[in-house]
Amino acid sequence: MPIDMSFTEEHEELRATVRAFLVEVSDEQAVREHMSSERGYDRDIWRRLAEQLGLAGLIIPEEHGGAGASFVELLIAMEEMGRALLCSPYLGTSVFAASALLACADEATQKELLAGIASGEKIVSVAWVEPNGRWDLAGIELQARAKDDLWELDGAKSWVLDGHSADTLLVVARTDEGLELFRVDAGAEGLSRELVPSLDLTRKLAQIDLAATPASRVSRGDQTAALEQVLALTKAALAAEQVGGAEKCLEMAVEYAKTRLQFGRPIGSYQAIKHKCADMLVQVELAKSAAYNACFVAAGEEDDLLEAAALAKAHCSEAYFLAAAECIQIHGGMGFTWELPIHLYFKRAKASELFFGDAALQREIVADQIGI
Amino acid sequence: MAEYNEMSDEVLRERTRALLEEAHPEKCDSVTFRRAQYEHGLAWVHFPEGYGGLGLNPRMNVVVYDEITKHSKVVHHDPGEAIIGIGMGAPVVLTYGTDEMKKRLLPKIFSGEEIWCQLFSEPGAGSDVAGLATSAVRDGDDWILNGQKVWTTLAHISRWGMLIARTDPDVPKHDGLSYFILDMRAPGVEIRPLYQITGEAEFNEVFMTDVRIPNSHMLGKEGQGWRVAITTLMNERVAIGGGGSKKKGGGSAPLIKLWKDRKPGARSAAQEAILRDKVTRCYIENELLRMTSQRARAAQKSGNPGPEGSVSKLAHAESLKRMWEVAMDVMGSDALAFEHGYELRRSTPGIDTPRGLAKYQFLRSRANSIEGGTSEIMRNILGERVLGLPGEPRVDKTVPWKDVPRS
């Protein structure tokens, strides 16, 4: 059955509401201000986003205090946040951590942490990738040790979204049973967290070191399959965010091409520039199809989520980077300056391409999924 | 603009059954059946009564089709060669033709007894069709045609051609064109096959030397040829339709099969990995096109269509070319052979070409980004009509056609 990628009137209303909110709270000046703070986002805006708009718990079931919405609503929110380059822990907390909790965690942990995420009070981050830089599950080496009735973690986690400021970390580690999820709260013994200066200023990353750190095991048994789904869901959502950013870059480029005069006419009247813009449009439209498809798959019953998400992540990454890079080129010298916001999108584009594994890795996943 | 007659599905089904009683597809040939279908107004139900239709909503054509297939194992579909007549000839005759022309031409278009072709492109007028140079000079009740057309599908078996010619070289290019129906058997019309990169000729060149064409065969008024042509071209879009497979993995299936059947041990592991990535890219590109047409359908349904529909021609053409290039790489040195051979011969597209042969497709797909609007023209259209970028300064729009430089 082909997926019906239709949006309802309620969806369009949600889009308009989120866009209006972000225009108010996340204009360029706000982005610059938030990205230069150590936390990396504004707590009041996060609270409003949770309380007024119900976005922090968008995909969290109502029984846990969330909105109980699907990935279709999520894609709308992510696309708009990508456009506005919103500085927030949304990807790490409301998507990645919420999905991990829903897929792997025991009831008590779900009850506590999901409610905290939905209300905007708790920032939860998944600590996944390790210094070896591998995003596939086989790359996770950190071994959890049972000590009496408790567990201890030793090792390091890299590139943890908002890891320096999160209230709780969900650490993926190995037990005798396989891959499992462990909870480590801020302030735990032997836990050190360091903000890493990041390429993408709008998203904060931390290095986490664990030295005999006590942790609670929140899953029961091997979570490999569940974690693969969690990663796919998060990539689908990130792809939607990439589409929003790419669309914005295309708009900025076209706007500039219409108004910038050289040799007596708008540069957009030259085919050299016009065709660049047309190629960007094609890639952005294809990217939108891939991201929407992945999120509609995530929202439904289809079983090809791993393929759909990897495919979307592969293409949306490249489309976003193309749009941001060409946006710089079309703006000429000004595109290269700190003053214009394009470099922020350019950096977000590259960083989000590399996060969760680059396009080549995603294509490898697609190839494995289709059995070639 | 369109107001349709009211008719219930059931009445239309009854009428279809009445047709089947008189002529049944299982018991007569295509021409006989389609003649009767036309007489019953069931050829194209959205055409007016008396012209093969009943003035109904075009959506009701499927009801007729459905009823026929219910009662007959044999279906006399539109004959392949009749596609241009049915898709473009009939609408333009209906819109601009006299009553006499409609009665003379429409039945035989539908029955497939008379094949049509389109004579627009010229050697000097490809992307810039409105710059064409074939001249028509008035002589009494006739016009005298001189010039050459090219890329004419089916010209060699056509009875009629839809032709645009320049009737006034002293006005700007779009204003000096007129639209004619040309009798392809008229003296002075010479048709030659145009052999292409594959060795086949899907197309023709048509040469016209002092060909007489009666003034009554002009469609629309003198100087209005461009407007009439636009009607034809819009119908061409409907006739050709969107590309891309509807099935998951469908578009790239031939490449995937080649990859799975590749010779073992022909490459190093590193080379295999590179090639696998290229194959996967092609699979992804095809999927992106499929998803985009799905999204376009959804957007159309909700009455909110965006640019997703317009990017398809460009994206499709470019990705098809890439796919067949990769197919050649997958075959490796086996692709040095061309088993099909380059025998120079005529062929009818989609009917007798070796479509399954990847090496053939590798050659044929070069035309994807040229025919029906080059990729460069498509980028102009996307840039100007979708993104709203300004056009190039033009040197040909306001000056008399005869003063515009030509190659």
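**Exercise 1. A helix and its surroundings**

How many Å does helix α4 (residues 71–84) of chain A reach from its first C-alpha to its last, and what span is expected at 1.5 Å a residue?

*Solution.* The model is a predicted one. Step one is to count: α4(A) has 14 residues. Step two is to find the expected span, which is 1.5 Å times one less than the number of residues; for this helix the expected value is 20 Å. Step three is to compare: α4(A) reaches 19 Å, close to that expectation. After the helix comes A:Leu85, which has a positive phi, near 55 degrees.

**Exercise 2. The nonpolar cores**

Identify the residues with the most contacts inside the largest nonpolar core, and describe the neighbours of one of them.

*Solution.* The largest nonpolar core has 165 residues. Within this core, A:Ala291 and A:Cys295 have the most contacts. Helix α7 (residues 224–259) of chain A is its leading contributor, giving 20 residues. Next, consider A:Ala291. If residues up to four places away in sequence are not counted, A:Ala291 touches A:Leu75, A:Ala239, A:Ala240, A:Val243, A:Ala312 and A:Cys316. Another core, of 62 residues, lies apart from the largest one; B:Ile115, B:Cys117, B:Met208 and B:Met218 are among its members.

**Exercise 3. Strand β3 of chain B**

Describe the two faces of strand β3 (residues 142–150) of chain B and its pairing with other strands.

*Solution.* Begin with the faces. The covered face of β3(B) consists of B:Trp143, B:Leu145, B:Gly147 and B:Lys149. The uncovered face consists of B:Asp142, B:Ile144, B:Asn146, B:Gln148 and B:Val150.

Proceed to the partners. Strand β2 (residues 135–139) of chain B runs antiparallel to β3(B) and is joined to it by five bridges. In this pair, B:Ser135 stands opposite B:Asn146. The two strands form a hairpin with two residues between them, and B:Gly140 in the turn has a positive phi of about 65 degrees. Strand β8 (residues 203–214) of chain B also pairs with β3(B) in the antiparallel sense, over eight bridges. Here B:Gly147, from the covered face, stands opposite B:Met208.

**Exercise 4. Domains of chain A**

Characterise the contact between domain 1 and domain 2 of chain A.

*Solution.* First, the bounds: the domain assignment gives domain 1 (9–119), domain 2 (124–221) and domain 3 (225–370) of chain A. The C-alpha centres of domain 1 and domain 2 of chain A are 22 Å apart. Their contact takes 20 residues from domain 1 and 17 residues from domain 2. On the side of domain 1, α2 (28–35), α5 (90–104) and α6 (107–119) each supply at least two residues. The largest share, seven residues, comes from α5(A). By class, this side of domain 1 has 13 nonpolar, four polar and three charged residues.

Conventions:
Residues numbered from 1 in each chain as written. Chains lettered and ligands numbered in written order. Predicted model: local features only at pLDDT ≥ 70, side-chain atom pairs only at ≥ 80, totals over all residues. Buried ≥ 20, exposed ≤ 12 C-beta atoms within 10 Å, placed from the backbone. Helix = DSSP H or I, 4+ residues; strand = E, 2+ residues; numbered from the N terminus. Pairing = 2+ DSSP bridges. Core = buried A, V, L, I, M, F, W, Y, C linked by C-beta atoms within 7 Å. Contact = placed C-beta atoms within 7 Å. Domains from an automatic or database assignment. Nonpolar A, V, L, I, M, F, W, Y, C, P; charged D, E, K, R; others polar.
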